[in-house]
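Please look at the sequence and the structure shown below before reading on.

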Amino acid sequence: MKDKTIDYVLRTTWLAVQKMYNEEASEYGITMATGFTLLSVDPQNGTPSTSLGPKMGMEATSLSRTLKTLENKGLILREPNPDDGRSVLLKLTTAGLEKRDLSKSFVLKFNKRVAQHVDAKKLETFREVSEIIIELIQSKNIYK
């Protein structure tokens, strides 16, 4: 294929970002997936386990493994949800809050570095194109 497809550019870019995050996170005993999960849990009130998957765009099976890992590492606790007896709240431990802050610093540093090298208008166009792609996929309008 002479020209790179949109899919190819998205995939290779995401794989490079994922590798970068995993390399950084591994120095602190976590992965990109665990960092992303920690960032998705409300640090003050916790997050209902049932709302975490849709919020992160993850399948239940993958999320279950990640949550089990976080629990085994002492980064989250599961507590009964006082608002809904059928679900549990995921809450961050002190260690979980520390790893969350670390993950947040990685994300902010990455965003700052990219913003230093890419014109603001180009970044806005990138965001707009990304939103259009997401809308096309969610509305199932790609292959119709």
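Does Leu-90 count as buried or exposed? At 0% relative accessibility, Leu-90 counts as buried, where buried means under 20% relative accessible area, exposed over 50% and partly exposed in between, for a 1.4 Å probe and protein chains only.

The model is predicted, so local features need pLDDT of at least 70 and side-chain atom pairs count only at pLDDT 80 or more, while totals for chains, interfaces and linings use all residues. Residues are numbered from 1 along each chain as its sequence is written, and side-chain values use heavy atoms, with hydrogens and water left out.

**Surroundings of Leu-90**

Leu-90 belongs to strand β3. Helices (H or I, at least four residues) and strands (E, at least two) are DSSP runs, numbered from the N terminus. Leaving aside residues up to four places away in sequence, Leu-90 touches Val-41, Gly-46, Thr-47, Ser-49, Leu-52, Leu-67, Ile-76, Leu-77 and Arg-78; contact means heavy atoms within 4.5 Å.

**Helix α5 and its partners**

Helix α5 has 24 residues and reaches 35 Å from its first C-alpha to its last, close to the 34 Å expected at 1.5 Å a residue. That expected span is 1.5 Å times one less than the number of residues. Gly-96, Arg-100, Leu-102, Ser-103 and Phe-106 of α5 are buried, and the buried residues of α5 pack against α1, α2 and β3.

Two packed helices are described by the angle between their axes and the distance between the axes. Axes are lines fitted to C-alpha atoms, for helices over the stretch in contact, and angles run from 0 to 180 degrees between N-to-C directions.

| Helix pair | Axes come within | Crossing angle |
|---|---|---|
| α1 and α5 | 11 Å | roughly 135 degrees |
| α2 and α5 | 9 Å | roughly 105 degrees |

Angles under 35 degrees count as roughly parallel, over 145 as roughly antiparallel, 65 to 115 as roughly perpendicular and the rest as oblique. The helices α1 and α5 are therefore oblique to each other. Their contact is made by Val-17, Met-20, Tyr-21, Glu-24 and Ala-25 of α1 with Phe-106, Val-107 and Phe-110 of α5.

The helices α2 and α5, in turn, are roughly perpendicular to each other. Here Gly-35, Leu-38 and Leu-39 of α2 meet Gly-96, Lys-99, Arg-100, Ser-103, Lys-104 and Val-107 of α5.
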